[in-house]
Amino acid sequence: GKTTCGRSILRLVEPNSGEVHFRGKNLPELGEAELRATRRHMQIIFQDPFSSLNPRQTVGDIIAAPMVLHGICNQVEAEEKARELLAKVGLQPSYASRYPHEFSGGQRQRIGIARAVALKPDFVVCDEAVSALDVSVQAQIINLLLDLKDEFGLSYLFIAHDLSVVRHISDKIAVMYLGRIVEFAERDAIFENPAHPYTQALLS
């Protein structure tokens, strides 16, 4: 239920009941135009950094496209900003002319992160954003996410099953069991005094 929850918030999966409140609006009630305008402020980083990138587009076009689509800048300005974002996520600006298949998994995830922050959103769903990466690369990506959180003032919904990762990146933690949130608390409270039997089992 973790990924379904994250995607339902963004309406990538349409919820059939319930409410999702963001910036004072109930997202399931928004029409297409209003939803598109609101989506500028909320983005997602997918689990698979390869399938989430269009293989027919250059990296520069992938990052620039959201900025052009939302009317933030024209194509030339967006391409320049894309190169700046590549540098910000630790890649060479010259990589903008390359295609996704030319990069490693960790590099592709950096590209996905650059695309997600291109619109300067308030809120980013990180859907198992490091689980497909090698452990050594995971640490680099997590530290990058933490740096960007501080720089852009981001809030993350960080979906993960690796408790060491969760502890490192989270302020508050929600524990899901059989598709429902069964415990929600500050990070230290969850790890030091878990209340629900499932949380206790996870930590043990």
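Is Gln-43 buried or exposed? Gln-43 is buried, because its relative accessible area is 16%. Here buried means under 20% relative accessible area, exposed means over 50%, and partly exposed lies in between, using a 1.4 Å probe and protein chains only.

Some ground rules. This is a predicted model, where local features need pLDDT of at least 70, side-chain atom pairs count only at pLDDT 80 or more, and totals for chains, interfaces and linings use all residues. Residues are numbered from 1 along each chain as its sequence is written, and side-chain values use heavy atoms, with hydrogens and water left out.

Back to Gln-43. Gln-43 sits in strand β3. Strands are DSSP runs of E with at least two residues, helices are runs of H or I with at least four, and both are numbered from the N terminus. Setting aside neighbours within four places in sequence, Gln-43 contacts Leu-10, Ala-116, Leu-119, Pro-121, Phe-123, Val-124 and Val-125. Contact means heavy atoms within 4.5 Å.

Next, the sheet around β3. Three strands make an open, parallel sheet, ordered β3-β4-β5. Strands pair if DSSP finds at least two bridges between them. β3 and β5 are the edge strands, each with a single partner, so one side of each has no neighbour in the sheet. Direction ignored, neighbouring strands here are turned by 15° against each other on average. β4, residues 123-127, pairs with β5 over five parallel bridges.

Helix α1 lies across β3, β4 and β5, and runs at about 150° to β4. Axes are lines fitted to C-alpha atoms, for helices over the stretch in contact, and angles run from 0 to 180 degrees between N-to-C directions.

Now the pockets. Rolling a probe the size of a water molecule over the atoms shows where empty space is left. A pocket is an open set of points on a 1 Å grid over the protein atoms alone, where a 1.4 Å probe fits, with protein on both sides within 12 Å along at least five of seven lines; lining residues have an atom within 4 Å of a point. Grid points are joined across faces, edges and corners, and a volume is the space filled by probe spheres set on the points.

How much space lies in the largest pocket? About 840 Å³. Its lining has 34 residues, and nearest the centre are Leu-157, Phe-158, Lys-172, Ile-173 and Ala-174. Elements giving two or more residues include α1 (2-10), β5 (155-159) and β6 (172-177). β6 gives the largest share, six residues. By class, the lining has 24 nonpolar, six polar and four charged residues. Ala, Val, Leu, Ile, Met, Phe, Trp, Tyr, Cys and Pro count as nonpolar, Asp, Glu, Lys and Arg as charged, and the others, Gly among them, as polar.

Stay with β6. Six bridges join β6 to β7, and the two run antiparallel. Val-175 stands opposite Glu-183 in β7. Their hairpin has two residues between the strands, and Leu-178 takes a positive phi near 50° there.

The second largest pocket holds about 450 Å³. Of its 20 lining residues, Leu-12, Arg-39, Met-42, Gln-43 and Ile-44 are the closest to the centre. So Gln-43 returns here, a buried residue beside the centre of this pocket.

Last, a contrast. Ser-136 is found in helix α6, residues 135-152. Ser-136 is exposed, with a relative accessible area of 52%.
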